[in-house]
Amino acid sequence: MNGLAAIAVLFMFTQCAGKTESPATPVSGSSTGSLADMKIAYVEIDTLLTQYNFWNDLTEQMMKKEENVRSTLNQRMRELEKDAQEFDRKIQNNAFVTRERAEQEHARITKKQTDLQNLQNRLTKELADENQKNSLILRDSINSFLKEYNKTKGYSMIISNTGFDNLLYADEAYNITQEIVEGLNARYSAAPGK
């Protein structure tokens, strides 16, 4: 994508410098097109994400899951801390009948701590995996929409812009973000089960 952005930036700079009479250079994948024939637009990804209802719904679901995980882990941690404090209190007061019983209780608390760490690792990995899956779903959703959208618009290239990542300058006339957001939201609202 950065390579495509570099070509677009190079094209814009040559146009600004008045080099419109340069020989036509074939566009990759097209033997008849030239850079001068390219139709380019861009989408502001930050804006798209804040306004795309599907992404907002996924984000809200993930926040709820993260809160549930945090709540579960906090509850288990409090139980573990309570057990550890109770164990310390019994040790200080010589409340264990035998040394063997104290060692058993210590082993139980240590196992509980290990189990909690394993649970935290598993839940964290599950959340990360689901976030990754959601990112792929988002990308596929946007890409499939753009393919359909572009059948009628005929852009040679649609560039993503996140802050100042790829696009140094672009005329606002080439910003199709709002059209894309409206189309994505209309498709999402019409989806079965929505």
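Good morning. A pocket, as the word is used here, is an open set of grid points with protein on both sides within 12 Å along at least five of seven lines. With that in place, I turn to the structure shown above, which is a predicted model.

The largest pocket has a volume of about 510 Å³. Its lining consists of 21 residues, and those closest to the pocket centre are Ile 45, Arg 139, Ile 142, Asn 143 and Leu 146. Sorted by class, the lining of the largest pocket comprises 12 nonpolar, 7 polar and 2 charged residues.

Let me next consider strand E2. Is E2 mostly covered or mostly uncovered? The strand is mostly covered, as 4 of its 5 residues are buried. E2 is also paired: 5 bridges join E2 to strand E1, residues 40-44, and the two strands run parallel. Within this pairing, Val 43 stands opposite Ser 160 of E2.

Finally, I return to H4 and its helical partner. Two packed helices are described by the angle between their axes and the distance between those axes. The axes of helix H3, residues 53-92, and helix H4, residues 99-153, come within 10 Å and cross at roughly 175°. Angles over 145 degrees count as roughly antiparallel, and H3 and H4 are therefore roughly antiparallel to each other. The contact of H3 with H4 contains 19 nonpolar, 8 polar and 9 charged residues.

Thank you for your attention.

Definitions and conventions: Residues numbered from 1 in each chain as written. Predicted model: local features only at pLDDT ≥ 70, side-chain atom pairs only at ≥ 80, totals over all residues. Heavy atoms only, no water. Axes fitted to C-alpha atoms, helices over the stretch in contact; angles between N-to-C directions. Parallel < 35°, antiparallel > 145°, perpendicular 65-115°, else oblique. Nonpolar A, V, L, I, M, F, W, Y, C, P; charged D, E, K, R; others polar. 1 Å grid on protein atoms, 1.4 Å probe; cavity = no way out; pocket = protein on both sides within 12 Å on 5 of 7 lines; lining within 4 Å. Points joined across faces, edges and corners; volume = space filled by probe spheres on them. Buried < 20%, exposed > 50% of the residue type's maximum accessible area, 1.4 Å probe, protein only. Pairing = 2+ DSSP bridges.
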